[in-house]
Amino acid sequence: MAEIKKTWYKEMSVYQIWTRSFCDSNGDGIGDLPGVYSKLDYIKSLGVDGIWFSPIYPTPNADYGYDISDYKNINPEFGTLDDFKMILDGAHERGMRVFMDLVVNHTSDKHQWFIESCKSKDNPYHDYYIWRKGNGKNPPNNWLSIFEGGAWEYNENLDEYYLHVFAKGQPDLNMDNPKVREEVKSIMKFWLDMGVDGFREDVITFISKAEGLPNGFPLPVATGVEHYKHGPHLEEYLAEFRKVTDQYDCFTVGEGPMTSVNDAVKFCSDGKNKLLDMLISFDHMNADCFMADWVKVPFSLTKLKSTLTKWQDKMYGIGWNSLYIENHDHARIIDRYGNLKYRVESGKMLAAMYILQCGTPFIYQGQEIGMTNMAVKSVDDYKDVLTFNTWRIFKKLGFSEKRFLKLSSEVNRENARTPVQWNKSENAGFTTGTPWFGINDNYKEINVEDAENDPDSLLNFYRQLINFRKGNELVIYGKYKEYYHANPNLYVYERVLGNEKLLVVCSFKEGSVKFKAPKGYDLSAGELVASNYKDNKIVDNGFVTKPYEVRVYKF
C-alpha cells in the first residue's frame, strides 16, 4: 500500500444544495440563488469547506434541472449569472469552494443542439444524439428507460428514434462523436475559468454505449443497462475530460450507478492515469432495499457494514471515498436507517457513523437538522417524473393508490426535496409565497432556528463532528478497521494513524445492547470526544447502550 497522497479535497467537507427547495428570496415559491447567498454565513457556520450545487442551468424541468437546455447560463427561476458570480465570490471570501453538477450523459430535448438534430438527418447536430431506424414497426432494440417506459422515442418527421436512458425529455448525447466531447470540454472550461472549483459528474459512467446497441436482458426498468453502465470507451472519454481538469486546481467526483468498488479503484487510484478523484457509490444505500429504493426489504445493519467496510478496505491508500447518507435522490435517512421516535439520537449516531470514516463527507440540505419524510394525500401532489413512472409500474402490479402512497412516503426521493425548514413561521420560513412543493407538517418542531438555540441539537452535533474532523489527520487519513462484524445491532470501527486511535461505537437498536471494548482498548484511558447522551458510564471496560447510542473515544 502506497503512502496516502494528501490534498485539499480529501480534507474538506461539502454541503449539497438543491436550490429549488433551499431558500426563496422573492416570494415566488421557488428557491433561488439570492436565497442561497443570504444563507452563506449559515452554511459556513457548519464548518464545511465547499458547496455542491445540483444543476442550476436553464431547464424545462422534465427532471428538475437534470435536463439542461443551456450549459452556459443560469435557470431564470433561480436568478442570473451575476447572482451566481456573487455566490462564487461570497463563498470564496468565506473560504468555501463551489462545485457544479456536470450533466453530460444527456441534454434537454429543448436544448438547441437537439432542436437542430430533429430538423434533418443531414443537420450537423443530428449526430450529437443517438438516432436509429426502427426494427420494422418496433424501436431499434428492447431497452427500457430508467424513468419513463421505453428508452426510444419516435420522430415522425425523420422516421427515426432517439435514445433516452432517462426521461423522454432527456435525449442521450452521442459521446462517440468527437464534436460532442469538445462541447463537454468547452462547458467545463467555461465554469472553471469563471472560478468554479470542480464538478460532480452526473451518471458519468453511462456516457459510452455498446457498439451495435444490442438487446438487453429483460428487466422491469432499465433493460439494456448492462450495455451502457460501463461502455467500451468510458475510460478513454473520462481521460479526455481529465486532461481539462488537470489544468486547474479543481476536483471531480463521478456518480456511478451500479459501479463496484473495483471500478472505483480503476477510476480513482492516485497516479498519472487517474480519471476521477472520487466515485459516488450506491451500494451502502441498499441496506433496506433490493437494488432499487422502491423494492423495500427490512433494514440489515450487517449488509450496511459489509458494504462500507468493503469500500473502506479496498480504497485505503489507493483512491478516495465519497461519504454520504443523504442526497436529492434518496428518502431521508433517519426514516430509513434510524428511528423517528429517537430522531435526534439516531440522527447523531448516523452522522458520526459516516463522517468519521475515511473519505470526504457530503451533507445534504436539511440533513443537519434531521428533516424527515413527508406523506402526501394524492399521487397528483407529487412532482417528479420518476414517481409517476413508478406509479405506472406499481399500478400494473395491482397496487392501490393508498398502498402506493404508503410505500412512497417511505422510499420516494421526493422526500428529500421538500423545502428546507428554517423556522416556525408560515411555510417554514422558506417562502412568503406559495411553495412549489409541500412543506412537511413537522416544521414547527424541526427547523434551523430552534436547532440553533439548542446546544444539544442535531445541528450542533453536525458542527461538532465537522469541526472535529477539520485538520485532524487521524480522522482524515487514519486506517479503518471494523470489529464485531457479526453483531446485528452494533457497528464498531477504529481509525488508526501512528500512535493515535479513534474508536467509534454505534448502536442501531432501540433496546439495550451489551458492548465490551475490543482487545487492546481501555475505555477509561480514552477521551470521549463525541456522544449523544450525557450519561457515559463505563462498566467492566464496556457499557450497555441506550437507544441508538454513539460514543467516540480517542486514544
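What follows is a friendly chat about a predicted model.

Reader: Hi! Let's start with T431. Where is its place?

Author: Hello! T431 is in the loop between α13 (401-411) and α14 (448-452).

Reader: And is T431 buried or exposed?

Author: T431 counts as buried, because its relative accessibility is 5% and the cut-off for buried is under 20%.

Reader: Which residues is T431 in contact with, leaving aside neighbours within four places in sequence?

Author: Those are D24, G27, D28, G29 and E426.

Reader: Okay, new topic: helix α11. How many of its residues are buried?

Author: 11 of 13, so α11 is mostly covered. The buried ones include R343, K348, M353 and I355.

Reader: What span should α11 have, and how far apart are its end C-alpha atoms?

Author: The 13 residues of α11 (343-355) should span 18 Å at 1.5 Å a residue, and the end C-alpha atoms are 18 Å apart, which agrees.

Reader: Where does α11 come into the largest nonpolar core?

Author: That core has 155 residues, and I43, F53, F84, W191 and M353 have the most contacts inside it. α11 gives the largest share of this core, 7 residues.

Reader: What does F84 touch, not counting residues up to four places away in sequence?

Author: F84 touches L33, F53, I56, I74, V98, M100, W191, M194 and V196. Of these, F53 and W191 are also among the residues with the most contacts inside the core.

Reader: And which other core lies apart from it?

Author: One of 18 residues, among them A167, V203, Y228 and L386.

Reader: Last topic, the open sheet of 3 strands. What is its order?

Author: The order is β4-β6-β5, with antiparallel pairing. β4 (131-132) and β5 (152-155) are the edge strands, each pairing on one side only.

Reader: Over how many bridges do β5 and β6 pair?

Author: Over 4 bridges, in the antiparallel sense, with β6 covering residues 160-163.

Reader: Which residue in β6 is the bridge partner of E153?

Author: Y162 is the partner of E153.

Reader: Great, thanks!

Notes. Residues are numbered from 1 along each chain as its sequence is written. This is a predicted model: local features need pLDDT of at least 70, side-chain atom pairs count only at pLDDT 80 or more; totals for chains, interfaces and linings use all residues. Side-chain values use heavy atoms; hydrogens and water are left out. Helices (H or I, at least four residues) and strands (E, at least two) are DSSP runs, numbered from the N terminus. Buried means under 20% relative accessible area, exposed over 50%, partly exposed in between (1.4 Å probe, protein chains only). Contact means heavy atoms within 4.5 Å. The expected span of a helix is 1.5 Å times one less than its number of residues. Two strands pair if DSSP finds at least two bridges between them. A nonpolar core is a set of buried Ala, Val, Leu, Ile, Met, Phe, Trp, Tyr and Cys residues joined through side-chain atoms within 4.5 Å.
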